[in-house]
Amino acid sequence: MTEKALRLGTRRSKLAMAQSGQVADAVSQVTGRPVELVEITTYGDVSREHLAQIGGTGVFVAALREALARGEVDFAVHSLKDLPTTQPDELVVAAIPEREDPRDVIIARDALKLTDLPRGARIGTGSPRRMAQLNAYARSHGMDIETIPIRGNVDTRIGYVTKGDLDGVVLAAAGLNRVGRSDEVTDFLSVDTVLPAPGQGALAVETTADNAELIAALAQLDDPLTRAAVTAERSLLAALEAGCSAPVGALADLLTDGQTVKEMRLRGVVGTTDGSTLVQLSTTGPVPETHEAATALGRELATEMLAQGAAGLMGERAL
């Protein structure tokens, strides 16, 4: 007799379905059980407001978590950058699989790169973080660009460029890779130019804390180095008391000597959306072996950033 299918809660967007499908296949392999996708509409999917206005943090997550709590699904897949930094006691992130490319990218008309954009180029993004860093880059390199707030799924955003409404849009590389559209990228933005959102490119597989058997099975998908990196990034975000719509970028990357991983470097940035002021710092230390060590790394860097005036730049913080 075939075992009962596991129910995976997912948002309905093409990207969410693609990444949930990948997790479903992996879970099916480790458990030997079929996995069915249960599509759930979240507030963030139906609201037409800009994410910075509706609070950013958790708008794509709450409905999935409610379905978990009600027992309608067995586990859920989130884009980690959408998860609030406080974890409810009744739920557990059982797996953070190996991270996709964390970088941001530009899809621009005429295959333009960031440095090729004409004066007055209009660049669309829904993210205050991207606006702050793109505008800061433009200021320091004598460029003249205008960042335009946009919303919508991948198709909608790329459509602004193909229809000629905008010169370019900024998206996450990971999302485009997952929906098979990375060939449309005209420029990969170096993390030295634009630091990604904390947790960008990583997925969180969440289930109820009392489901020990499923937690153990899902744990086989966990990548410890990705978990350490995103824990440090999210700890920085939490210590800055910022929601995921705030202009905060963070990336923990691993420094190797070619073979072995030697250290972890955590970089953080916060800035005003016009790019006039940025606080950008980094710290390097041993690769955290525990959740507490990764959390401490993020908290320490946030403390330094706050000492340099980061708090005053958080005006667009979600209330």
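This is a predicted model: local features need pLDDT of at least 70, side-chain atom pairs count only at pLDDT 80 or more; totals for chains, interfaces and linings use all residues.
Local features need pLDDT of at least 70 and side-chain atom pairs pLDDT 80 or more, while totals for chains, interfaces and linings use all residues. Residues are numbered from 1 along each chain as its sequence is written, and side-chain values use heavy atoms, leaving out hydrogens and water.

**View 1. R181 sits in the loop between α7 (173-178) and β9 (187-188).** Helices (H or I, at least four residues) and strands (E, at least two) are DSSP runs, numbered from the N terminus. R181 counts as buried because its relative accessibility is 19%, and buried means under 20% relative accessible area (1.4 Å probe, protein chains only). Leaving aside residues up to four places away in sequence, R181 touches V154, D155, I158 and L176 (contact means heavy atoms within 4.5 Å). The side chains of R181 and D155 make a polar contact at 2.2 Å (a pair of N or O atoms within 3.5 Å, where one must be able to donate a hydrogen and the other to accept it; residues adjacent in sequence count only if both atoms are side-chain atoms).

**View 2. Helix α4 (residues 62-69) has buried residues.** They are A63, L64, R65, A67 and L68. Their cover includes β1 (6-11), β2 (35-40), β3 (75-79), β4 (91-95) and β10 (203-208). Just after α4, G71 takes a positive phi of about 80°.

**View 3. Helix α9 (residues 224-239) meets helix α10 (residues 291-307).** Residues of α9 in the contact include A228, T231 and A232. Among their partners in α10 are H291, A294 and T295.

Note on methods
Buried means under 20% relative accessible area, exposed over 50%, partly exposed in between (1.4 Å probe, protein chains only). Axes are lines fitted to C-alpha atoms, for helices over the stretch in contact, and angles run from 0 to 180 degrees between N-to-C directions.
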